[in-house]
Amino acid sequence: MNHLLRCPVCGETFPDHGELACPDGHHGLLRAIYPEKQLTIRDEPGIFRYADWLPVQQVPRTQSGPVTFRSLEFAKEVGLSNLWIGFTGYAPHRSAFVPTCSFKELEAWPTVQRQKETGGGTLVVASAGNTGRAFAEVAGTMNQQVLLVVPKRGLERIWTSAPAENVTLIAVDGDYSDAIAVADRICELPGYIPEGGAKNVARRDGMGTVFLDAAVTIGSIPDHYVQGVGSGTGAIAAWEAALRLIADGRFGERLPRLHLAQNLPFIPLVSAWQARRREIIPEIDMPHAEEAIRAVNADVLTNRKPPYTVPGGLFDALSACGGQMYGITNAAAESAGLLFEKTEGIDPDPAAAVACAALLAAVDRGEIGEDACVLLNITGGGYKAVLEKYQVVPVETIRPGEVPACILEKSHV
Ligand SMILES: Cc1ncc(COP(=O)(O)O)c(C=O)c1O
């Protein structure tokens, strides 16, 4: 590997052997340090155009990647003159060919490649649905063993565009946090490797390509960045990408202001940030969590243990740019999502619809001025178009009789 990893706490740098944490035990998100300070765009059809700033050596070929386009019709409805859409999903009219329809596929490509380059084993992924689908697709294409742990509510989202032989799917009772707990226990077994979530530099830098693609297309770092967040990893990734672009020297000197949204009534990040508190206090920030999670439409935005407090995490990202957070009702998200679909011809994921509503709220409250340069991250969408193109294949859940005894002991299948 040409890049290094740096611990945000002790500042030590070291070669990347697939670490998810500082070898000296410090608690913080490692960051990849790339030798190329200026970004050179490679001649690749998808995400690996940005391989200079991805923690991989080899570059698998894929069409999957982010696209950026200027919005005219939706922008007019919102009242903005310089609105750009960063889109990850399936929309041939925008040259967007991500078959699993969300930016989670941008995490999966470099994560699977880095895993192959640094050790192998079975990658264990806990998911509310979209991440699992992305990893199933990429693992199938790249011949990587993956074990997915998904709450029963998310099962119908686990499909691939072609049969995936090397994917094992376990369904658990409860929500995303319960899936994480089961996955953590399975990772205590030899040969099962945690993909690491926000701690994995490949996941963050993969998602950061949305921001890179936008800055390259626009020609500068946008003034504002808008996204629906669950863990906040995508937003941390945008912040880190902006820091690299500032160091590059050709895209401007100012961080974008982050405008991040969650789906009411489950809004722990909104609640903690509005109090400018570094800690999430469950009784204050997510009372009646289970009930609240059941009530949201965008359940991929429900994460009870987001990387918010950790050094290099979301609190630091919001603090660095004077960020803003929004709580969005199901009704507001639905109507903003329909407006986006009507004007841009792409059906957004419910999480992206939350971002559309947050943009409307930010403009309404005067947080974003009408001539500002704005990047709206449509983190998923194009499900209708993908179903016209592919006969998608549901991934079968493993039957209890087929679950290896060692896993059974560790899980609640
Ligand atoms: C479509 C979509 N948008 C947004 C998010 C939130 O991303 P993050 O957990 O990085 O905040 C997710 C998470 O799964 C997602 O699937």
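Reader: What distance separates the centres of domain 1 and domain 2?

Author: Domain bounds come from an automatic or database domain assignment. Here domain 1 comprises 67–101 + 202–387, and domain 2 comprises 104–199 + 392–408. Their centres, taken over C-alpha atoms, are separated by 25 Å. The model is predicted, so local features need pLDDT of at least 70 and side-chain atom pairs count only at pLDDT 80 or more, while totals for chains, interfaces and linings use all residues. Residues are numbered from 1 along each chain as its sequence is written, and side-chain values use heavy atoms, with hydrogens and water left out.

Reader: How many residues of each domain are in contact, and what area is buried between them?

Author: Contact means heavy atoms within 4.5 Å; by this rule 25 residues of domain 1 meet 27 residues of domain 2. Buried area is the accessible area (1.4 Å probe) that two parts lose on being put together, summed over both. It is about 2,300 Å² between domain 1 and domain 2, with carbon and sulfur atoms giving 53%.

Reader: How many salt bridges does the rule find across the interface?

Author: The rule requires a side-chain nitrogen of Lys or Arg within 4 Å of a carboxyl oxygen of Asp or Glu. Five salt bridges are found between domain 1 and domain 2. Arg203 pairs in this way with Glu195, their closest N and O atoms lying 2.3 Å apart.
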